[in-house]
Amino acid sequence: MIPYISVVKQYERLAVFTLGKYSGMRQPGLNLLVWPFQVTQKVDLREFVIDIPRQTNITLDNAPIDIDFLVYMRVQESDAERAVLEVVDFRSAVVGIATTNLRAVIGEMNLDDVLSQRERINESLRTKLDEVTERWGIKVTQVEIREVEPNRDIQEAMNRQMSAERIRRAAVTEAEGTRQAAITVAEGEKQSAILRAEGERQAEILAAEGDQQAAILRADGFATALDRISAVARGIDTNTLSLQYLETLKDVGAAPSTKFIFPMEFTSLLRPFTNMVSPNDDNE
């Protein structure tokens with residue numbers, strides 16, 4: 001028997017086998033062992049990454065596509081002995097399982113979904129791998145697709161499709177802009193017509209109100225004039241009218257005519273003057 005010391009680092013655990021039988025997992029630090037009765041195997045607890053090589057997969061719509069991705073994992077400290085006792089080389093096992101599961105996941109998706117839903121593929125692969133590696137005491141922490149590359153024919157078809165789509169979007173955008181411009185112009189014309197009609201209506205209302213006020217003022221003026229004429233007419237007596245008739249006769253007599261026609265009322269108008277003259281004649 002030869003005793004010897006094994007130094008275990010902080011991120012490591014030491015699986016010890018005594019006479020071929022697993023006898024426990026040693027912690028970091030100095031560990032005293034007896035050779036040849038005890039042999040060891042170190043387990044690294046740090047997270048590590050496995051590069052899954054590029055492989056061709058067939059999508060649900062029969063499009064071949066090349067994919068390579070990375071798998072991040074770590075050995076669980078509480079189940080570290082499983083990584084030693086349950087599997088010979090868990091790294092190689094993970095590569096094989098990841099390849100198989102990738103084909104299954106891609107085979108359930110269309111090409112467009114594969115190209116646009118990487119996060120969904122990553123999460124699906126991580127879940128499927130973790131279900132398998134759990135029995136080995138290994139936790140799959142992350143899966144990242146590094147590159148997705150369709151074959152050349154599909155890429156050319158996709159480029160043509162993208163070009164056509166860009167042209168279509170440009171045409172739609174231009175048509176939408178034209179439509180919005182037409183709507184804006186029509187709306188402006190509508191508002192302008194409304195404003196013009198409103199202005200004309202207000203102008204007609206103001207004109208009508210002006211005519212109404214003018215008519216009222218004219219009527220008031222005419223009524224006032226009639227009132228004044230009536231007031232003056234009430235103050236005129238018969239003598240005044242008779243004098244006015246005499247003045248008119250004087251003007252008629254000055255005319256070159258030799259024949260005159262007098263109304264019947266003329267004698268009635270002269271009666272006051274004849275009455276005034278008769279008393280004087282009697283006194284003489």
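Analyst: Leu-19 is exposed, with a relative accessible area of 66%; the cut-off for calling a residue exposed is over 50%. You'll find Leu-19 in the loop between β2 (12-18) and β3 (21-26). Its phi is near 55 degrees, which is positive even though the residue isn't a glycine. Keep in mind that this is a predicted model.

Now hop along to Asn-62, in the loop between β6 and β7. Asn-62 isn't a glycine either, and its phi is positive at about 60 degrees. Asn-62 is exposed too, with a relative accessible area of 65%.

As one example, Thr-56 has Asp-66 in β7 as its bridge partner. Helix α2 (residues 90-106) packs on the sheet, touching β6, β7 and β8, and its direction makes about 35 degrees with that of β6. Helix α4 (residues 118-133) packs on the sheet as well, touching β7 and β8, with its direction at about 140 degrees to that of β8.

Zoom out a bit, and you get an open sheet of three strands in the order β6-β7-β8, with antiparallel pairing. On average, neighbouring strands here are turned by 20 degrees against each other, ignoring direction.

One more loop for your tour: Pro-36 sits between β4 (29-35) and β5 (38-44). The peptide bond from Trp-35 to Pro-36 is cis, with omega near 10 degrees.

Key
Residues are numbered from 1 along each chain as its sequence is written. This is a predicted model: local features need pLDDT of at least 70, side-chain atom pairs count only at pLDDT 80 or more; totals for chains, interfaces and linings use all residues. Side-chain values use heavy atoms; hydrogens and water are left out. Two strands pair if DSSP finds at least two bridges between them. Helices (H or I, at least four residues) and strands (E, at least two) are DSSP runs, numbered from the N terminus. Axes are lines fitted to C-alpha atoms, for helices over the stretch in contact, and angles run from 0 to 180 degrees between N-to-C directions. Contact means heavy atoms within 4.5 Å. Buried means under 20% relative accessible area, exposed over 50%, partly exposed in between (1.4 Å probe, protein chains only).
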